[in-house]
Amino acid sequence: AIGVTRDYLVVDPTYTHSLTQLSSLSLAGEYQFMGYSQEDAGHIGFDFEQLKALYSKTIDLRTSFQVGVLGNHYQSRFGDAHSSSGGVTGNVTYNWSELLHSNLSGEVLQTNFKETKDDGVLDLKSHPWSAIFTTVYDAGQLTKYSFYLGRSIYPSSLGGLSQIDQARVQY
């Protein structure tokens, strides 16, 4: 709609505690807010909170990994729709050289979505997942090539969490 404005805020603090020189524990939080000057079925604002507990380990000069658990909550600002999710997350990073590195990450959730409408209650359970492979060649301040392939999970103004499939090459 013409004249509708959107406000968007993301706050994502992380606290990391080193266990050894090569391993650490982290707590990561994320808060997202989206609001519209006029909210209706086509413009749904939301609040999204997420908390992750992670363990990170550097195996050698080239390889590191991270595993953890996460939980999140989504609440729409228009209508009565909300979801809660919990799951596991992990990633592995490999440095081919000082300039070239790759990352493989994944996430599996169990999501409980509930929406109340005039014609009843929608109560769904789903198992969204993400898997992302990236490779970056960083040849200096002005030259960077990146490749991205995967499915990611994001909070959605359509209600709940959305899975987005992408293939991207950037220069």
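Reader: How many bridges join β6 to β7, and in which sense do the two strands run?

Author: This is a predicted model, in which local features need pLDDT of at least 70, side-chain atom pairs count only at pLDDT 80 or more, and totals for chains, interfaces and linings use all residues. Residues are numbered from 1 along each chain as its sequence is written, and side-chain values use heavy atoms, with hydrogens and water left out. Strands are DSSP runs (E, at least two residues), numbered from the N terminus as helices are (H or I, at least four), and two strands pair if DSSP finds at least two bridges between them. For β6 and β7, the sense is antiparallel and the number of bridges is 16.

Reader: Which residue of β7 is the bridge partner of Ser83?

Author: Between β6 and β7 the chain forms a hairpin, with four residues separating the strands. Within this antiparallel pairing, Ser83 has its bridge partner in β7, namely Phe113.

Reader: Through how many residues does a hairpin join β4 to β5?

Author: The two strands run antiparallel and are joined by 13 bridges. The hairpin from β4 to β5 passes through residues numbering four.

Reader: What is the bridge partner of Ser24 in β4?

Author: β3 runs antiparallel to β4, and the two are joined by 12 bridges. In β4, the residue that partners Ser24 is Ser56.

Reader: How many helices and strands does the secondary structure of the protein chain come to?

Author: Read along the sequence, the pattern is β-β-β-β-β-β-β-β-β-β-β. The C-alpha atoms fill a box of roughly 60 × 35 × 25 Å along the principal axes. The totals are zero helices and 11 strands.

Reader: What share of the residues of the protein chain counts as buried?

Author: A residue is buried under 20% relative accessible area, exposed over 50% and partly exposed in between (1.4 Å probe, protein chains only). The protein chain has 171 residues, and the share that counts as buried is 30%.

Reader: By what distance are the C-alpha atoms of Tyr31 and Leu124 separated?

Author: Tyr31 belongs to strand β3, and its relative accessibility of 27% makes Tyr31 partly exposed. Leu124 is 93 residues from Tyr31 along the chain, and the C-alpha atoms of the two are separated by 24 Å.

Reader: How many aromatic pairs does a search of the whole structure find?

Author: Rings of Phe, Tyr and Trp (its six-membered ring) pair if their centres lie within 6.5 Å; the pair is stacked when the planes are under 30 degrees apart, edge-to-face when over 60 and tilted for the rest. With this criterion, the number of aromatic pairs in the whole structure is six.

Reader: Of which kind is the aromatic pair of Tyr94 and Trp96?

Author: Tyr94 is partly exposed at a relative accessible area of 28%, and Trp96 is likewise partly exposed at 46%. Their ring centres are 4.6 Å apart, and with 70 degrees between the planes the pair is edge-to-face.

Reader: How many residues apart in sequence are the parts that the pair of Tyr145 and Tyr171 ties together?

Author: This pair is tilted, with 5.0 Å from centre to centre and 40 degrees between the planes. Tyr145 lies in strand β10 (residues 144-155), whereas Tyr171 lies in the segment after β11 (161-170), so the separation in sequence is 26 residues.

Reader: Which residues do ring pairs link into a cluster?

Author: The tilted pair of Tyr145 and Tyr171 belongs to this cluster. The residues that ring pairs link in it are Tyr137, Tyr145 and Tyr171.
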